[in-house]
Amino acid sequence: MIRALAVALLLVVTAPQPAGAARVVSLNLCADDYLLLLAPEQAVAVSVLAADPALSVVAAAARRVVAVRADAEAVLALRPDLVLAGPYGAQTTLALLERRGMRVERLGLPQDFPAIAAETRWVATLLGEPARGAALLADMQARLDAVPWRRPQPAVFLGARGYVAGPGSLADAVLRAAGLVNSGRAGQPGLEALAAHPPDLLVTATAPDYPSMATDLLRHPALAGIPRREVAPALLVCGGPWTARAVTVLAR
Amino acid sequence: MTRWLALAVAVLFVASLLTGAAGLGVPEPLILWQIRLPRTALALLVGGGLGLSGAVLQGALRNPLADPGLLGIGGCAALGAVVAFYWGLAAVFAPALPLAGLLGAALGCAFLLAFAGRATSGPSLILAGVAASALAAAMLALALTLAPNPFALAEITFWLMGGLEDRTLTHLLLAAGPIVLGCGVLLALGRGLDGLALGEDVAASLGVPVRRTLRLAAAGVALAVGAGAAVAGGIGFVGLVVPHLLRPGVGQRPGALLTPSLLGGAALLLAADLLARVAPLLLPLQQEPRLGVLTALLGAPFLVRIARQVAPGGAG
């Protein structure tokens, strides 16, 4: 009985795309994350960055889908019903696609958890998968609710090139959700100011996979004495239900 | 003259150690040794190397517009360093960074010497330099775009505009050897440069080994500029401005200009770096202005002035 159920489930999951289902192309890393989590069977192509595990939360799924650059000809050849894009970038390409009568939707950049919930519900409705959207949000809320209370601790989120996350940013929302106090002021205070007034905790999220002068900075010996927590960068590059996993890491 | 310049360098060096985002005065040892010392010492070395290289190039090529940045040598050095760093070579073998910078600078020097041949004093050398620097900047941007790093655009800005903030003692150790060696080679060229000032034929008849002097000049410039650009990125105009500022004080003999230009370059870059650090303390700036931006703001009007003095098409 269980085996029969499993086989049936497998058939459903691997079944060929039913006729009439939407063909969706995503041209933006954040849209890739949402598309492959909410409706992988509708995805015809995603952006090149989606397969990079340092940046994307759906790297494994992205490898099974065609990778496409924001190139009008390549997108037209895929005959999508819907093109997902980001708020910036490739604007000339998107305008051209819209002139050809193609439906283009631009996702936002949610910077806190209420905005993430709204964004998830909108994209899930767009893709005709509101139940999956609700499931992702339920998991997110469970993680946020699971953060234990403790004495608020000052922390600073330090990004590439020494940028500190200020109020209103996604990293700030994550710090606060994890029960920390963001003691950083937005901008580039410089190593010296950090070493002179060290926070209780330094939070970083940098991919060590490629050499970069910008992230070499975070390994500067002057910062070695400050306690540090590392968050997977893919969780913070784009705000989504997955961002709650960064909160779990920090609240531990 | 030399004494005053040395005093200026010493004063700026101490002021630089006492100034920073953490406030004025002697900081805690960690900040002093790990943050301010590497930065200050690198400004001294890189600036000295650039100033001296400019003086040697202007003397050896008998061209008042010669400058390691303008001739594309700095750009070629940065290109070499970028390739070594972003393809992980420097992570495996740290000295690969200054070595690749040296190699890039040496290639730039070789290209200029081969292209310009004996006609080094005319505008053709500067045009070759413009071509070399444009090519180096384009190749640098291309190398960063092709590198396995999705944030290439931000890193291109760093390399093209240069900077010394947040370098480590490792950077200092890597760059110091080649720069000191290069400066040693260049400082010994004084007599040869004095002879070359009279023209290559006259210099040869005076017993100056012309080819050897030019080759040593190229090698010294490659060492001093290459290692500097590998850790500081593209810092322009220091080598152009410093010899011109000092020439009225020491006369037209190129050999007499070498030590003052070394000190003057060090003083100029120390001052520019100090200004970059003081600016956010005085003005409502989110971050420090780039060091290469400050030297360019200083140098570009200077270049216009010199270009006006050089007769059109003339030997200058």
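Here are some notes on chains A and B of this predicted model.

1. Housekeeping. Residues are numbered from 1 along each chain as its sequence is written, while chains are lettered from A and ligands numbered from 1 in the order in which they are written. As the model is predicted, local features need pLDDT of at least 70 and side-chain atom pairs count only at pLDDT 80 or more, whereas totals for chains, interfaces and linings use all residues.

2. Chain A overall. You'll find 12 helices and nine strands in chain A (DSSP runs numbered from the N terminus: helices are H or I with at least four residues, strands are E with at least two). Its C-alpha atoms fill a box of roughly 65 × 50 × 30 Å along the principal axes. Of the 252 residues in chain A, 44% are buried (20 or more other C-beta atoms within 10 Å of a residue's own, with C-beta atoms placed from the backbone; 12 or fewer is exposed, in between is partly exposed).

3. Contacts in chain A. Take the contacts with a separation of 6 or more: 58% of them join residues 24 or more positions apart. A contact here is two C-beta atoms, placed from the backbone, within 7 Å.

4. Two domains. Chain A splits into domain 1 (20-108) and domain 2 (143-251), with bounds from an automatic or database domain assignment. Their centres, taken over C-alpha atoms, are 29 Å apart. Nine residues of domain 1 touch nine of domain 2. The domain 1 side of that contact has seven nonpolar, one polar and one charged residues (nonpolar: Ala, Val, Leu, Ile, Met, Phe, Trp, Tyr, Cys and Pro; charged: Asp, Glu, Lys and Arg; polar: the others, Gly among them).

5. A helix pair in chain A. Helix α7 (residues 130-145) packs against helix α12 (residues 244-251) at about 20°, with axes 9 Å apart. So α7(A) is roughly parallel to α12(A) (angles under 35 degrees; over 145 is roughly antiparallel, 65 to 115 roughly perpendicular and the rest oblique). Met140(A), Arg143(A) and Leu144(A) meet Ala244(A), Arg245(A), Val247(A) and Thr248(A).

6. Backbone check in chain B. Asp166(B) isn't a glycine, yet has a positive phi of about 60°. Asp166(B) lies in the loop between α7 (152-161) and α8 (169-187) of chain B, and counts as buried because it has 23 C-beta neighbours inside 10 Å.

7. Another to look at. Phe237(B), also not a glycine, has a positive phi of about 75°. Phe237(B) is in the loop between α11 (210-232) and α12 (238-250) of chain B. With 27 C-beta neighbours inside 10 Å, Phe237(B) counts as buried.

Definitions and conventions. Axes fitted to C-alpha atoms, helices over the stretch in contact; angles between N-to-C directions.
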